[in-house]
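The following note sets out points for a colleague who is examining the coordinates. Please read each point with the structure displayed alongside.

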Amino acid sequence: MEWSDLLPTESNVVTAETAMPAENHIVLDPLADARWEALVDRHPRAGVFHTRAWLEVLRRTYGYRPVVYGRTSPETGLLSGVVFCEIRSWLTGRRLVSLPFSDHCEPLVEGPSEFQQLLVPAKSQLQEGLWRYVEVRPLGLDLSHGMGQPSENYVLHRLDLRPALEVLYKNLHVDSIRRKLQRAEREGLEVETGASEALLAEFYGMHVITRRRQSAPPHPLKWFRNILHCFGKDAKLRVARKGQKPVAAVLTLEKGTTLVYKYGCSDANFHNLGSMPFVLWNMICDGRSRGMLELDLGRSELDNPGLIAFKDKWGAMRQELAYLRYPMGRKSLRSEKVPAQLAKLLFSRCPNWILIAAGNLLYPHAG
């Protein structure tokens, strides 16, 4: 595909002052072109959600087609790139998202000017009516000039794992975390780590009851199975048990020296045993012992102060996370959904098979 074919007709998208030679720009398939993987391996902004493994999970589970708008050099290959997934939904519309179901996904660019240049084909397609909107999910706002107003705001927590384990433990909240860890040890809780079908079945069973508790449908089982398959050794399940009973679990991803806590679930009947803090502390200890330097605890919605406070109590640092959409002023999908209270009432009371079926039906459109 030629870059010139994607250039918009309006001159105010890229100014003459910031324009770059069109022959240096390409559109590529990151699942087929090894240059994307090479860029992700060496770029300091790259994280687990840029990897081919994550893109393959999105493709296999939901059929999203990934695309990268990048800049190349004959000497060094792919210099920079912005990765999107094409979501073509009859329910929520056609849109470009970077990236679906990802807490954040940094544009792999040198600065705001280059970022705007790489967005030219996306904006051109938007003007032609191909997409409803274009969304990016950067870690910071330094690249967002001209992108539009934030469409969603979250809090992101990250924990530095470089201090000694004793220091990390000392930084835990005394009542909410440390005492629960002590209770879990007295109760004899144990954690098994792996990626087997048996562990996945235990994890998914608790995921379903957790999502019911949150009045939301569970993710499809194939979503988690694809994560474990595509990531291989870089994806792990950790299941805490009281005797033979699974009581809490987490699913983590890894890239380099970063450990990512992606999903957690639990049986509320065993919360008094400190089951969730116990499996999270096990995750921290194991990650640190294997050379992990940072724990990404993921995003929290602003209307979930309980979750934000819980992550604070681990000594993690919080930062603002803002998703950006073009064109400016585009409303978020959340504001266009079926009234939330009605949906929550349905999801909290329906049988498990209906709850699971709802997740299988709705998540491909959510992105």
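Predicted model: local features only at pLDDT ≥ 70, side-chain atom pairs only at ≥ 80, totals over all residues.

How are α6 and α9 oriented relative to each other?

1. Packing of α6 and α9. Helix α6 (residues 174–186) packs on helix α9 (residues 275–289) at an angle of about 95°, and their axes are 8 Å apart. Angles of 65 to 115 degrees count as roughly perpendicular, and α6 and α9 are therefore roughly perpendicular to each other. On the α6 side the contact is made by Ser 176, Lys 180, Leu 181, Ala 184 and Glu 185, and on the α9 side by Pro 277, Phe 278 and Trp 281. By class, the contact of α6 with α9 comprises five nonpolar residues, one polar residue and two charged residues.

2. Packing of α7 and α8. The axes of helix α7 (residues 197–213) and helix α8 (residues 221–231) come within 11 Å and cross at roughly 140°. Angles over 145 degrees count as roughly antiparallel; α7 and α8 are therefore classed as oblique to each other. Their crossing is right-handed. Helix α7 contributes Glu 197, Leu 200, Phe 203, Tyr 204 and His 207 to the contact, while α8 contributes Leu 221, Phe 224, Arg 225 and Leu 228. Six nonpolar, one polar and two charged residues make up the contact of α7 with α8.

3. Leu 199 lies in helix α7 and is buried, with a relative accessible area of 2%. Leaving aside residues up to four places away in sequence, Leu 199 touches Glu 192, Thr 193, Gly 194, Leu 237, Val 239 and Arg 241. Leu 199 and Arg 238 are 39 residues apart in sequence, and their C-alpha atoms are 8.1 Å apart in space. Ser 215, in the loop between α7 and α8, has a positive phi of about 60° although it is not a glycine. Ser 215 counts as buried at 18% relative accessibility, the cut-off being under 20%.

4. Overall content. The protein chain holds 12 helices and 12 strands. Of its 367 residues, 52% count as buried. Among contacts in the chain with a separation of 6 or more, 75% are between residues 24 or more positions apart.

5. Nonpolar cores. The largest nonpolar core has 52 residues, of which Trp 36, Trp 54, Trp 223 and Ile 227 touch the most other members. Apart from this core lies another, of 27 residues, including Leu 159, Ile 177, Leu 259 and Val 279. With residues up to four places away in sequence excluded, Trp 36 touches Leu 28, Pro 30, His 50, Arg 52, Leu 55, Val 68, Leu 78, Gly 81, Val 83 and Leu 108.

6. Helix α2. Just after α2, Gly 63 takes a positive phi of about 75°.

7. The end of β4 and the residues that follow. Ser 98 belongs to strand β4 (residues 93–98) and, at 2% relative accessibility, counts as buried. Not counting residues up to four places away in sequence, Ser 98 touches Val 83, Phe 84, Cys 105, Glu 135, Val 136 and Arg 137. The peptide bond from Ser 98 to Leu 99 is cis, with omega near 0°; Leu 99 is in the loop between β4 and α3 (112–118). Phe 101, found in the loop between β4 and α3, has a positive phi of about 60° although it is not a glycine. Phe 101 is buried, with a relative accessible area of 12%.

8. Which form does the peptide bond from Tyr 326 to Pro 327 take, cis or trans? That bond, from Tyr 326 to Pro 327, is cis, with omega near 5°. Pro 327 is located in the loop between β12 (317–326) and α11 (340–349).

Note on methods. Residues numbered from 1 in each chain as written. Heavy atoms only, no water. Core = buried A, V, L, I, M, F, W, Y, C linked by side-chain atoms within 4.5 Å. Buried < 20%, exposed > 50% of the residue type's maximum accessible area, 1.4 Å probe, protein only. Contact = heavy atoms within 4.5 Å. Helix = DSSP H or I, 4+ residues; strand = E, 2+ residues; numbered from the N terminus. Axes fitted to C-alpha atoms, helices over the stretch in contact; angles between N-to-C directions. Parallel < 35°, antiparallel > 145°, perpendicular 65-115°, else oblique. Left-handed = near helix turned anticlockwise from the far one by under 90°. Nonpolar A, V, L, I, M, F, W, Y, C, P; charged D, E, K, R; others polar.
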